[in-house]
Amino acid sequence: MVSLNAVLVISFLLFSIGIAGVLIRRNALIILMCVELMLNAANLNFIAFARHSGSASGQAFALLVMGFAAAEVAVGLALVVALYRRRDTVQVDDINLLKG
Amino acid sequence: MEHFIETIGRNMFAIFGVLALVGALLMIGARSAIHSVLGFLFAMLNIAGCFLALEAEFLGVAQILVYAGGIVVLFLFVVMLVEMSKKHEGEVFQLQSRYAVLAVAGGVALFLGVFRKAIFGAPSPEALVLRPELAKGLDVAHQNAQAVSRGLFADYLLPFEILSVILLVALVGAVVLAKTERV
């Protein structure tokens, strides 16, 4: 049996890489991918706790999170495409409409 | 040789986990968006391997189908739409990236400091099972899809239905957001 601590560490590191990517990248597409990575780290935790608590509820919820991630990526990519049509860029630094 | 294979089998989760970390690092470090998507794909496939190592077979296969089959293809299409016609090759990272990396590294160090004893200390004699009577009766490993479906369609039916409404709203919203002006 995989130890719970190993799963927690891997999942935490994946989440940190996702946060770092959101903070340091300028490309909106890559920021979306990093958000997906963070959702996957949460899924990994769900599944590890489901495994160690002996019930499948965590796995059911992980499946729900997966569907939610798919919806999120569809809306996010539509936003990126709309933004590119309007502003001709996907670099988040160039998008400063709300800057005073 | 047998010993080697046995060792790999026992450490399957660690192998997949480290490879997923490598893929994630490639993703946030790559200069071009295409390479980033490929790193993302690699990370997702290895996370599916982690799911399999945690005996969540149904979710592992669903992960491969949803991510490798759907989301990565969607990302690749948008990268082709958006990135190929890019004229200016600007800076890849944000201005504040040094501070961001420092902050995240600090967070990682704090976490590892808190969990130092649990991770690097002596392993506990038996694996933690919160409710052993459930683990015995449910037998997640042998009837994984049945167990998941019971959770999804019996215990958590309302969240499942709410998710279907969310997917419908996302579908309509994506079409409205991405459609051209002149239609």
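With which residue of chain A does B:Glu55 form a salt bridge? In this predicted model, in which local features need pLDDT of at least 70, side-chain atom pairs count only at pLDDT 80 or more and totals for chains, interfaces and linings use all residues, the partner of B:Glu55 is A:Arg51, with the closest N and O atoms 3.0 Å apart. Residues are numbered from 1 along each chain as its sequence is written, chains are lettered from A and ligands numbered from 1 in the order in which they are written, and side-chain values use heavy atoms, with hydrogens and water left out.

One salt bridge is found across the interface of chain B and chain A, the term denoting a side-chain nitrogen of Lys or Arg within 4 Å of a carboxyl oxygen of Asp or Glu. At this interface, 84 residues of chain B are in contact with 71 residues of chain A, where contact means heavy atoms within 4.5 Å. The area buried between the two chains, that is, the accessible area (1.4 Å probe) lost on putting them together and summed over both, is about 6,700 Å², and carbon and sulfur atoms give 76% of it. In chain B, the residues that lose the most area to chain A are B:Leu54, B:Phe75 and B:Gln94, which together account for 10% of what that side buries.

Chain B itself contains nine helices and zero strands, helices being DSSP runs of H or I with at least four residues and strands runs of E with at least two, numbered from the N terminus. Among contacts in chain B between residues at least 6 apart in sequence, 57% join residues at least 24 apart.
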